[in-house]
Amino acid sequence: MPELPELDVLASNLRAGLAGARVRAVRVVSIAALKTFDPPIDTLAGWTIRDAGRRAKYLWLELEPPGDGDGRGRLRLVLHLSLGGRLTLGPKPASRKIAVLTIELDDGQILSMTEGGTQRRAAAWLVRSLDEVPGLASLGPEPLDPEFTVERLAEILAAGGHTLKGMLTDQRGMSGVGNAWSDEVLHRARMSPFARPERLDREAVERLHAALVSVLTEARGTMAEQIGGEIQIPKAADRLFAVHGRASEPCFVCGDTIRSVWMGQRETSYCPTCQTGGRVLADRRRSKFLR
């Protein structure tokens, strides 16, 4: 699933590349993905894209109707790409096999929202206010927000109820981080994904906070360099992960073999030497440790 770094760059590129573009037509290919019906999405024909934004794992386009000089009639088309969602911009629409919706522009370009895989959880809302999107209301602060201090992180972790990895990916506690970048953050912080967050001391919380900020900031910068102004998300293999998705490969830091373990429906990658004191974690569906 695209996370904070990818979506932050994508929102910036959407803003730079589409602001001022006029919509010719919007076509919904996957009816199940459209979560609102009022206002009708075909209302957007003839409207102009004025801005783009992001909050956690949600993207949106802000559109203005013809003759709306003060911007009061603007609507937002909010998109959640979920696990296999992507956005592409080109002269042709995406294949109907993977397309969710398409936005045809007057200049001939077509913005396509697609979703690969079988889960089909990508979603779109056309709303007058972002408050109308249910998931946005329950989001926690983002790690790169100025108010996301060490103290704020400590408060979130003190609530417990999850493993440390679970706390990092629970969007109600903090938002924008998912499976991939939580692996990277925990590796940078030298912490086990199964650590108990409520038991971390001050030094550990400070180390985790520093890892969150540095990993996400670096990832955002690297992706911006990789794709320039393009509207795309690089493949996982091109994102230079330290541990995520690299099971059986050597750790760049210590040389130990990177391992993976399933936590619920997600695969977690980690380095035993860097993160778990040399212990190799077992699938939690069977036991706590292999040794």
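Guide: The model is predicted. Its largest nonpolar core has 36 residues, of which Leu10, Leu14, Leu61, Leu87 and Ile103 touch the most other members. The most residues given to this core, six, come from helix 1 (residues 4-18).

Visitor: Which residues does Leu10 touch, leaving out those up to four places away in sequence?

Guide: Leu10 is among the core residues that touch the most other members. With residues up to four places away in sequence left out, the contacts of Leu10 are Leu59, Leu81, Leu87, Ile231, Gln232 and Ile233.

Visitor: How many residues are in the other core, the one with Val150 and Leu164?

Guide: That core lies apart from the largest one. Its members include Val150, Leu164, Leu208 and Val215, and its residues number 25.

Visitor: Which residues of helix 3 are exposed on the face turned away from its buried side?

Guide: In helix 3 (residues 150-158), the buried residues are Val150, Leu153, Ile156 and Leu157. They lie on the same side of the helix because they cover an arc of only 120 degrees around its axis. The face turned away from that buried side carries exposed residues, namely Glu155 and Ala158.

Visitor: Against which helices do the buried residues of helix 3 pack?

Guide: The residues in question are Val150, Leu153, Ile156 and Leu157, which are buried. Their packing partners are helix 4 (164-169) and helix 6.

Visitor: Are helix 3 and helix 6 roughly parallel or roughly perpendicular?

Guide: The two helices pack with their axes 9 Å apart, at an angle of about 110 degrees. Angles of 65 to 115 degrees count as roughly perpendicular. Helix 3 and helix 6 are therefore roughly perpendicular.

Visitor: Which residues of helix 6 make the contact with helix 3?

Guide: Helix 3 passes helix 6 in a right-handed crossing. From helix 3, the contact uses Val150, Glu151, Leu153, Ala154 and Leu157. From helix 6, it uses Arg202, Val205, Glu206, Leu208, His209 and Leu212.

Visitor: What is the phi of Gly160?

Guide: Gly160 follows helix 3. The phi of Gly160 is positive, near 60 degrees.

Visitor: Where is Pro39, and what is the omega of the peptide bond from Asp38 to Pro39?

Guide: Pro39 sits in the loop between strand 1 (23-28) and strand 2 (48-55). The peptide bond from Asp38 to Pro39 is cis, with omega near 5 degrees.

Visitor: Is Arg190 exposed, partly exposed or buried?

Guide: Arg190 is in the loop between helix 5 (179-189) and helix 6 (202-227). Although not a glycine, Arg190 has a positive phi of about 60 degrees. Its relative accessible area is 48%, so Arg190 is partly exposed.

Visitor: Is Ser248 exposed or buried?

Guide: Ser248 belongs to the loop between helix 6 and strand 9 (259-263). Ser248 is not a glycine, yet has a positive phi of about 85 degrees. Exposed means over 50% relative accessible area. With a relative accessible area of 61%, Ser248 is exposed.

Visitor: How far apart in space are Thr273 and Gly69?

Guide: Thr273 lies in helix 7 (residues 272-275) and is partly exposed, with a relative accessible area of 46%. Leaving out residues up to four places away in sequence, Thr273 touches Cys254, Asp256 and Gly278. Thr273 and Gly69 are 204 residues apart in sequence, and their C-alpha to C-alpha separation in space is 60 Å.

Conventions:
Residues numbered from 1 in each chain as written. Predicted model: local features only at pLDDT ≥ 70, side-chain atom pairs only at ≥ 80, totals over all residues. Heavy atoms only, no water. Core = buried A, V, L, I, M, F, W, Y, C linked by side-chain atoms within 4.5 Å. Buried < 20%, exposed > 50% of the residue type's maximum accessible area, 1.4 Å probe, protein only. Helix = DSSP H or I, 4+ residues; strand = E, 2+ residues; numbered from the N terminus. Contact = heavy atoms within 4.5 Å. Arc of directions from axis to C-beta. Axes fitted to C-alpha atoms, helices over the stretch in contact; angles between N-to-C directions. Parallel < 35°, antiparallel > 145°, perpendicular 65-115°, else oblique. Left-handed = near helix turned anticlockwise from the far one by under 90°.
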